[in-house]
Amino acid sequence: MPLELGDTTATLTGVVTVDEVEELAAWLQATAKPRVNLRKCNHLHTGALQAMLRFRPKVSAAPTDAFLAGQVLPLLEGSGGEPTRQGSEPP
Amino acid sequence: MNPLLAQFLAEAADLLTQVDEGLLQLERTPGDPEMVNEVFRAAHTFKGSSGLFDFPELTRLTHAAEDLLDAVRAGALPLDSGMTDDLLAAFDLIRGWLAHVTSNECLPATAGADAAALITRLRAPIGGEKVKVETTVAVARRDSAPAWLAYFDEEWLAETAAWLRTTSAQMRFIRYVPDSGCFFRAEDPLHLIRQVPALERLGLIEPVEWPEAADYDEYACMVAFVFAARAAVGEIDYLFRYVSDQIEVVDLDGDTIQRYLSGEAEADAAAPSEADEPGTVDTVRSSPSEPELVADARAILTAALRSLAINPTGHVHLVSVANAITAAAHALGDPVEIREPDVVALTATVTRLLGDTPPPEDAVSTAPIEPIPVDRGRADDPGGQVGSRILKVDQEKVDHLMELVGELNVAKNGLTFLAQAAEEEFGSRALSRRIKDQYSGLHRIAEELQASVMDIRMLPLSVAFSRFPRLVRDLSRRLGKNIELVLTGEDTMADKDVIEALGDPLVHLVRNSLDHGVETVDERLATGKPGTARITLAAVADGDAVVVEISDDGRGVDPTRVRRKAYEKGLISEEELETLSDSDAVDLVFRPGFSTAEQISDLSGRGVGMDAVRASVEKLGGAVTMRSELGSGTTVRLRLPLSMAVTQVMVFSVAGQRFGIPVDLVVETVRVPAAEMSRVLHQDVVVLRGEVVPVLDLARALDMPWTPDQTQDRAILIVGVNGQRVGLLVEQFHREVDVILKPMEGLLAYANEFSGTALLGDGLVLLVLNMKEVLGLAARVG
């Protein structure tokens, strides 16, 4: 099971697919101060990433996966989501 | 060299000449449909055969030429001299390549570049559509940076700009705006980006305002991405092949980024920002070819081909290769659909794609394509040798050459007589020696000349065998028999005269086997043989002779029946009927007037029997023997000289006149004291090693007055004719000579006792005896 939803911490393991997105989003929405453990996560579906961007959980453990750690984690830990410059509006 | 390639090269030389001539003629009489057709066919054949080998450039170039010619043929284009020049240049280039192939078995390294230029020119008149490859991803090289560069981390951007400026390099920046329903199509944008090779940096475009938590739809994609990568265009294109309308790719250099960072591009960015609106990105299907993309796609296809060759099995492997091919094909603007990947289909697809796509001339040049100067091969350019040249020479010319070689031999032999005369008549030993030296030099050259002319005349026996598969098939159907024909040793070589003369006897023998030898299917099954009979035609070289065997596994010859039949026809005496051995009885079928077939069919038994076969083979200087076993088949063996052009004869004289006899027939020459000659039943005989050999007085048989000197030993030439030994009483033995036998013609045609005449070195005409006839003559005289 890629998703282990605790009281405050969700542990994401392996490949998080689109099937887990709804559950994760619902949990993030319902949890007051959500924390997400990405250590054993190998891939995040875009939907899961988007949900995390929306609800901004605290990443309690950084992923070991190189792509997630190198490219995706900085996005999640970004400065509140507002990019420095904004030329156009995403939909 | 691979025989297929050798053959291709030989044919190619012919085709090239054909094309050259055709094109030149077309220029003089434009629009001659027949001529256009001819040139087109030659080009087409060329393309077709070139596909057998690993010469993609050759295939592509001929393909382009073929397309142009096809358009001309269809009347869509008039052929002008510019096109003719291009076509000639193309075929000149091919000629050069093939010369390279002839020596190195590969195309020259410059082939690709040379071909590309010409292909562009060839394709130009027909719209050049094949050169312009549609691409799905347009890589814009812009001087101003797109506004979405803002979504990258500024610090990183600054570092990158500095690095790119230092290295004068570029980086590829991509914006990917997935549409909101993409999750439902099982797309995962992040997963796609994850696969981008050499990903440098990922940036995120978040919605300006996230919906309220309650309204949040986790299945609507609201984010977009920007990323920088060093991946090739082909790779990007491949990965994003299903969402190519959602990405925008730009290549930026350090200066552009720097300008953007310093705010210079702000004004610029305002205008295009509308077009940059995510979701409304309209990636132009680029019409000008993107050389790098084509190169990448080609690289993928080449790799796929290699991978197919190395590992042609495994479904998973094939599927992935198929995917790669589909993507590459898409990039080349030639979408293919591969449903059931299998090796053959994939290989064919890749080969076609590669063949259809010229390699881009220049991977980076985006400048408008200027007419590329083509290095035209000049007509006086030697151009190298394509294949080994094959001459088609009229047979008569070779025959004439052979005659001349014969004359040269005769003239050469004259020198020995001259040497003799120099010594005996003019008493000059020194001169005689010098003449002999000259003779030996001339002799060597004449021998070589003769050998090479003989070699020209050599043909493989397949020429004689070629008609039999059809003949056997037709006849076996007509006779309702099942027959399998087996040919072996077709590549055995023999003189063309022999091959030609062999035709009729062979047909006769094969027909005989079909008609009399092989039983019907029912008969065969009843005797426990397989229903399908087998007739074998086998040729094998045996020294200076060639042996051809025709064997069948039919019913064989019944010696008892042959004996009875021969007796009934009066061919053998009652005594012989009793005593003849089985093998001798089988030989009776060669007697004139013998035919055992109960029923004369339209196949064999047209009045020509086996005697005709034996006669014609013996006329060639050969021999026929038959071996047969009742119930299990018959084998007829023909033994023929490899060449009939030159005959070795033994020269002897009788009553002062010289005669020749083929050396093949000579068993030995003996000198017997007159006293040892004896007479048995009015026939002179001599006893040699316990065997009684009849001796014919040749002078008497030929009606020439001569009385042997009683005091001298008798010179007796023992010859073997029809397996029997006969002695010929002659006056003197001379040497053996190689002569070119000329048949008796004109007024002498009636003289059957001579098989021909030959000219000797001293100018004398030598009559060569036909031993069979001479024996018959002697019997009548005796």
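**Questions on a predicted two-chain model**

Trainee: What percentage of the residues of chain A count as buried?

Mentor: A residue is called buried if 20 or more other C-beta atoms lie within 10 Å of its own. Chain A has 91 residues, and the buried part of them is 37%.

Trainee: Among contacts in chain B between residues at least 6 apart in sequence, what percentage join residues at least 24 apart?

Mentor: Chain B has 25 helices and 23 strands. Of its 782 residues, 37% count as buried. For chain A, the share of such contacts that join residues at least 24 apart is 56%. For chain B, that share is 72%.

Trainee: Which residues does B:Phe225 touch, not counting residues up to four places away in sequence?

Mentor: Leaving out residues up to four places away in sequence, B:Phe225 touches B:Tyr176, B:Pro189, B:Ile193, B:Leu202, B:Gly203, B:Leu204 and B:Ile205.

Trainee: Is helix 4 of chain B roughly parallel or antiparallel to helix 5 of chain B?

Mentor: Helix 4 (residues 81-104) and helix 5 (residues 111-123) of chain B pack at an angle of about 160°, with their axes 10 Å apart. Angles over 145 degrees count as roughly antiparallel. Helix 4 and helix 5 of chain B are therefore roughly antiparallel.

Trainee: How many charged residues are in the contact of helix 4 of chain B with helix 5 of chain B?

Mentor: Helix 4 of chain B contributes B:Asp86, B:Ala89, B:Ala90, B:Leu93 and B:Trp97, while helix 5 of chain B contributes B:Ala111, B:Asp114, B:Leu118, B:Arg121 and B:Leu122. By class, this contact has seven nonpolar residues and no polar ones, and its charged residues number three.

Trainee: What is the handedness of the crossing of helix 18 of chain B and helix 23 of chain B?

Mentor: Helix 18 (residues 496-517) and helix 23 (residues 610-619) of chain B pack at an angle of about 160°, with their axes 10 Å apart. That angle makes helix 18 of chain B roughly antiparallel to helix 23 of chain B. The crossing of helix 18 and helix 23 of chain B is left-handed.

Trainee: Which residues of helix 23 of chain B make the contact with helix 18 of chain B?

Mentor: By class, the contact has six nonpolar, two polar and one charged residues. From helix 18 of chain B come B:Ala501, B:Asp504, B:Pro505, B:His508 and B:Leu509. From helix 23 of chain B come B:Ala612, B:Val613, B:Ser616 and B:Val617.

Trainee: Does B:Arg689 count as buried or exposed?

Mentor: B:Arg689 is found in the loop between strand 17 (683-688) and strand 18 (691-697) of chain B. This residue has a positive phi of about 45° although it is not a glycine. A residue with 12 or fewer C-beta neighbours is exposed. B:Arg689 has 5 C-beta neighbours inside 10 Å, so it counts as exposed.

Trainee: What is the phi of B:Asp703?

Mentor: B:Asp703 lies in the loop between helix 24 (698-701) and strand 19 (714-721) of chain B. It counts as exposed because it has 9 C-beta neighbours inside 10 Å. B:Asp703 is not a glycine, yet its phi is positive, at about 60°.

Terms used
Residues are numbered from 1 along each chain as its sequence is written. Chains are lettered from A and ligands numbered from 1 in the order in which they are written. This is a predicted model: local features need pLDDT of at least 70, side-chain atom pairs count only at pLDDT 80 or more; totals for chains, interfaces and linings use all residues. Two residues are in contact if their C-beta atoms, placed from the backbone, lie within 7 Å. Axes are lines fitted to C-alpha atoms, for helices over the stretch in contact, and angles run from 0 to 180 degrees between N-to-C directions. Helices (H or I, at least four residues) and strands (E, at least two) are DSSP runs, numbered from the N terminus. Angles under 35 degrees count as roughly parallel, over 145 as roughly antiparallel, 65 to 115 as roughly perpendicular and the rest as oblique. A crossing is left-handed if the near helix is turned anticlockwise from the far one by less than a right angle, and right-handed if clockwise. Ala, Val, Leu, Ile, Met, Phe, Trp, Tyr, Cys and Pro count as nonpolar, Asp, Glu, Lys and Arg as charged, and the others, Gly among them, as polar.
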